[in-house]
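Biologist: I would like to learn how to read a structure like this one. Could you take me through some features, giving the general idea before the particular case?

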Amino acid sequence: MKYVLVTGGVVSGLGKGVTASSIGVLLKACGLRVTSIKIDPYLNTDAGTMSPFEHGEVFVLDDGGEVDLDLGNYERFLNIKLTRDNNITTGKIYQSVINRERKGDYLGKTVQVVPHITDAIQEWIERVAVIPVDGKEGPADVCVIELGGTIGDIESMPFIEALGQFSYRVGVGNFCLIHVSLVPVLNVVGEPKTKPTQHSVRGLRGLGLTPNILACRSTMALDENIKAKLSQFCHVPVENIITVHDVPNIWHIPLLLKDQKAHEAILKVLNLLSVAQEPVLKEWSSRAERCDKLQEPVNIAMVGKYTGHCDSYLSIIKALLHASVACSKKLVVDWVPACDLENVTDKENPEAYKAAWKKLKGADGILVPGGFGDRGVQGKILAAKYARENRVPYLGICLGMQTAVIEYARSILGLQDANSTEFDPKTRNPCVIFMPEGSKTHMGGTMRLGSRRTYFHALECVSAKLYGNQRHIDERHRHRYEVNPDMVAHLESAGLSFPGKDETGRRMEIVELPNHPYYVGVQFHPEFKSRPGKPSPLFLGISLPITKWALELDFFFHCRFCCLNLLLNSSATCYPNPYLRSFFVPLHIQNVKDYPIHLQKKSFILNLVTWTFLITNSKWN
Ligand code: GLN
């Protein structure tokens, strides 16, 4: 196993996570198998109890781990599935050491930061690095370890000490340290300044770690004399100084690293030059370029609580981006603070109220994300109502699903006080209730978490079709409340449908409004499994513009009919465009004859194109 450690210097927020993920992409493109570990030196056991305002979103893994959002970057960039142990925190390390101390494992010794905590860190890294995360057997070739925070932080000291010992333990040729630092360009002089990086490298050396490679964050590409200066003062070869300058979208970063031959520098340090191949990043470059060129916008209104801090909804934004790029649309996210849609805001701050409603009304699709607590819930209910009544595509995620159900119960069933017991514990019409297995005393790790199965009970619904008519799907969860099973029949009789349920059939996973272009609420979080080039089906649903949406959707379903036999076994692998792919997965055969003649013509042409494509595709030759 080879290790690449990524540290950060000067300031936080340099994009260390994206740089580290891009390094992983580059190594993977060289034919290596890559895993990753994120170290967060805070005391919390995990990110589950941390506010998205402060720390950005809590990312959820298949195994139910509530982790730092950087693990999301790794999963998306490397297309891997990590485990909760791939996120190390001070809290977890201390907890494991204290547990061992209580068991008497230290045989009467004084338990200390060095060696007990530092040993526990090293053991943890070695244990987790060998867990396969890419679906293949056996350990990966390289483990990218990202150390959170900035060099010099008090709380990262035990980790720095442990990693210093670790680099010595695994030996030269097995450990590569990449230091991500800032090279600011001062406006007055217009010249890149190397001093902050010099200082931070000095700090790193003082702590016993020597960087092999410098990744310099800057607004512009650094010229040779700046690199020479950095090389001289930081004792890093010039060819190992890489500029990570600002780019139009983050998919360019692996390409930027490749252009500067970062892979060669890393492979040389790791003695892997002879086994690695030239990196192939064709998919990345075409996606990055395509994304830059997109013109036709798709406006999505994000009606949330943490709209001032876009990292709070990072995975949702990424999922929307994956879907919009697949649909050849330029994603425009209109942030709508849920509270601003409420009547009280109209009285207190009419400008904000007007602006919020203007954004909502101008959107092609409305997305209500997950959330906790009652702030802004009324606004979310109003957004769901607006989408339902005006036939605007709506995707409600977790709380967004619950608010859609509350809205329906209030408006259609006439139950004015219908509510979730999360917001009104005494409501006479609890349409969303606390799940029986939840804990009311402990907040950390007690929700219904991680990958759970949803079974489709009706294959004629839009969500099942978007998922390619699979019988069941596995998506990640993070919630305490659920739709009240006792109210389901009442809601269904009023026209709401629940096509997706858990294995017991008592827990509602998906809600849909038939006869609406796209009105879907899901108890799970589809955003966590969306990948560039493999968007989440439900995000594809909302990223299509409302114009002609309903008709087009039907049209695509009909087109699948003629491709049935050909695509039966190959749709997932042979069709390059995931948007089209999701519509081409065959199962239901409907009657094209019922549709207007212009759509029948379109269907014919599309089928012709599909056949031509399939016949010319190398897999079919
Ligand atoms: N607060 C709601 C619940 O616990 C929704 C959670 C969420 O949106 N992730 O069920």
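Biologist: How many of the residues of strand 6 are buried?

Modeller: Some ground rules come before the answer. This is a predicted model, in which local features need pLDDT of at least 70 and side-chain atom pairs count only at pLDDT 80 or more, while totals for chains, interfaces and linings use all residues. Residues are numbered from 1 along each chain as its sequence is written, and side-chain values use heavy atoms, with hydrogens and water left out. Helices (H or I, at least four residues) and strands (E, at least two) are DSSP runs, numbered from the N terminus. Buried means under 20% relative accessible area, exposed over 50%, and partly exposed in between, with a 1.4 Å probe and protein chains only. In this model six of the six residues of strand 6 are buried, which leaves the strand mostly covered. On one side these are V142, V144 and E146, and on the other C143, I145 and L147, with both faces covered.

Biologist: Which strands are joined to strand 6 by bridges?

Modeller: Two strands pair if DSSP finds at least two bridges between them. Strand 1 (residues 2-8) runs parallel to strand 6 and is joined to it by five bridges, and V4 has V144 as its bridge partner there. Strand 2 (residues 34-40) is also parallel to strand 6, with six bridges, and T35 stands opposite C143.

Biologist: Where is S156 found, and is S156 buried or exposed?

Modeller: S156 lies in the loop that links strand 6 (142-147) to helix 6 (157-170), and S156 counts as buried because its relative accessibility is 2%. For its surroundings, contact means heavy atoms within 4.5 Å. Once neighbours within four places in sequence are set aside, S156 is in contact with P41 and T150. A polar contact is a pair of N or O atoms within 3.5 Å; within protein, one must be able to donate a hydrogen and the other to accept it, and residues adjacent in sequence count only if both atoms are side-chain atoms. The S156 side chain reaches the backbone oxygen of D153 at 3.1 Å.

Biologist: Why is helix 3 described as largely enclosed by the rest of the structure?

Modeller: In general, an α-helix has 3.6 residues a turn, so residues three or four places apart point the same way. Helix 3 (residues 70-78) is largely enclosed because nine of its nine residues are buried, among them D70, E75 and R76. Just after helix 3, N79 takes a positive phi of about 50°.
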